[in-house]
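Hello,

Here is the structure I promised to pass on to you. Please open it first, and then read my notes below with it at your side.

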Amino acid sequence: MRKIARRRNEPAVVQTLRSATAATLSYVVASWLLGVNPPPLLAPLTALLVVQVTLFATLTTGIRRVNSVVAGVLIAVGFSALVGLSWWSLGLLIISSLVLGHLVRVGEFVPEVAISAMLVLGVSHHTDLAVSRVLETLVGAAVGLLFNIVFVPPVWVESAGESIEDLAGRMRDLIRDLGDEITGRTAVEAAAARLHAARRLDHDIVEVDASLARAEESLRLNPRVKEGLLSRIVLRTGLDTLEICAVVLRVSARTLTDLAKKRKGEDLFPPPVAEALKELFGHLAAAVENFASLITTQISSSAEEAEDRLADELAAARAARERVAHLLLETVQEHPRQWQLHGALLAEIDRMLDELDIEKRSVRLAEELDRTAEERHERYPFLARVGRRLAQLRKRRRAF
């Protein structure tokens, strides 16, 4: 029960309850309007298709799904009135339904046109009964749309933020493991295991990207959200940065694996260099964690604290990086073996520090906001003119 209680706010759980409620309400409404004989099962079926996890999906994907069901029902009405159900009429119905689905542009829901047509044709043997199926579909669509408009779907920013924080936590643990790996002698198998763990981050990023896409969609056309555009850009650019860091981390793990292959049975680095690198990786791990906290924090005061912590960790990491560079230079001058791997490791660390830089992130956010505004003006020129006109009126009022 505790596990169920913790999962009550997950998208799958919430969507299951919402879909079941909307389908039940549509059946009740259809039974009240159309009668219970035969049972109006197309109404809850249509409501299930319409009620999506976000309001934007309901008004786009849901409408296309309604079109597919209505198209299938209408073509089934014609077949029911003219030829009825037989093996040849079923084949002709499927072909006609698929063609009609492309004509009405229901997109990826073309098969649902044929599915709806077969369901209706299988139970409708009279024209009056077939027409009632059309009414059931319309009732289910109306109830589903009204349900999502009255009971607006939740905003999934929090779940997306948790996914980003989980990803950053796995990256933090891997960076610390790499720092521990550097000290002492490292077996090639252990280094290869770290490399495989870094490669698995790609799969984690795909899952986080799907969660973030759902969150971005939940912000669109949602009356609960006042600054949806800013929230979307903050999360999206933050995930892009973490994705680049994951790629760099994978390359770093590859570099350390190659170094372990070259130095079997001996330390990867001299003890002073190893300790300095471990300290550097510790600051990098903390910086990744604080970066995730910064992009997922909604309260301004907490965001400022996260930004301050991130700035402190980046400053400490840069200072540690300079110490490592000097130590590595002295080591290479004495023993120039695999000097190119040393330089590659430093370059990869520099790339991560550059990606996590606060000033660079501010510039990136400003660029994304400007780009999004330009795209919106190009797509909706009338709204852009209205917005400029309102801005001019506000300036005039302030002048008076």
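A word on terms before the details: I call a pair a salt bridge when a side-chain nitrogen of Lys or Arg comes within 4 Å of a carboxyl oxygen of Asp or Glu. Please keep in mind that this is a predicted model, so local features need pLDDT of at least 70 and side-chain atom pairs count only at pLDDT 80 or more, while totals for chains, interfaces and linings use all residues. Residues are numbered from 1 along each chain as its sequence is written, and side-chain values use heavy atoms, with hydrogens and water left out.

**The overall picture**

The protein has 15 helices and zero strands. Both are DSSP runs numbered from the N terminus, with helices (H or I) of at least four residues and strands (E) of at least two. Of its 400 residues, 44% count as buried. Here buried means under 20% relative accessible area, exposed means over 50%, and partly exposed is in between (1.4 Å probe, protein chains only).

Accessible areas come from the Shrake-Rupley method with a 1.4 Å probe, and for residues only the protein chains shown count as cover. As for contacts (heavy atoms within 4.5 Å), take those between residues at least 6 apart in sequence: 79% of them join residues at least 24 apart.

**Salt bridges**

The structure holds 16 salt bridges. One of them is between Glu 181 and Arg 194, whose closest N and O atoms are 3.9 Å apart. This pair links distant parts of the chain, with Glu 181 in helix H8 (residues 157–182) and Arg 194 in helix H9 (residues 188–219), 13 residues apart. Glu 181 counts as buried because its relative accessibility is 7%, whereas Arg 194, at 27%, counts as partly exposed.

Another salt bridge brings together the side chains of Asp 240 and Arg 364, at 3.2 Å from N to O. Again distant parts of the chain are linked: Asp 240 is in helix H10 (residues 228–262) and Arg 364 in helix H14 (residues 358–379), 124 residues apart. Asp 240 is partly exposed, with a relative accessible area of 22%, and Arg 364 is partly exposed at 29%.

In a further salt bridge, the side chains of Arg 321 and Asp 350 meet at 2.8 Å, N to O. Arg 321 belongs to helix H12 and Asp 350 to helix H13 (residues 339–355), and the two are 29 residues apart. Arg 321 is buried, with a relative accessible area of 16%, but Asp 350 counts as partly exposed at 30%. There is also a network: salt bridges that share partners join Arg 351, Asp 354, Glu 355 and Lys 360.

**Patches on the surface**

Patches are made of residues with over 30% relative accessible area and no salt bridge; like charges are joined within 9 Å, and nonpolar side chains (Val, Leu, Ile, Met, Phe, Trp, Tyr) within 5 Å. Asp and Glu count as negative and Lys and Arg as positive, with His and the chain ends not counted. The place of a charge is taken as NZ of Lys, CZ of Arg, CG of Asp or CD of Glu.

A patch of negative charge gathers Glu 304, Glu 305, Glu 307, Asp 308 and Asp 312 on the surface. Glu 307 lies in helix H12 (residues 300–334) and is partly exposed, with a relative accessible area of 33%.

A nonpolar patch on the surface is formed by Trp 32, Leu 33, Leu 34, Leu 135 and Leu 138, which together have about 530 Å² of accessible area. Helix H2 (11–34) and helix H7 (127–150) each give two or more residues to the nonpolar patch, and the largest share, three residues, comes from H2. Leu 34 is in helix H2 and counts as partly exposed at 33% relative accessibility.

**Two single residues**

Which residues does Glu 112 contact, leaving aside its neighbours within four places in sequence? They are Leu 49, Arg 65 and Ser 68. Glu 112 is found in helix H6 (residues 110–123) and counts as buried at 16% relative accessibility.

Ile 94 sits in helix H5 (residues 87–103) and is partly exposed, with a relative accessible area of 29%. Not counting residues up to four places away in sequence, Ile 94 touches Ala 114 and Met 118.
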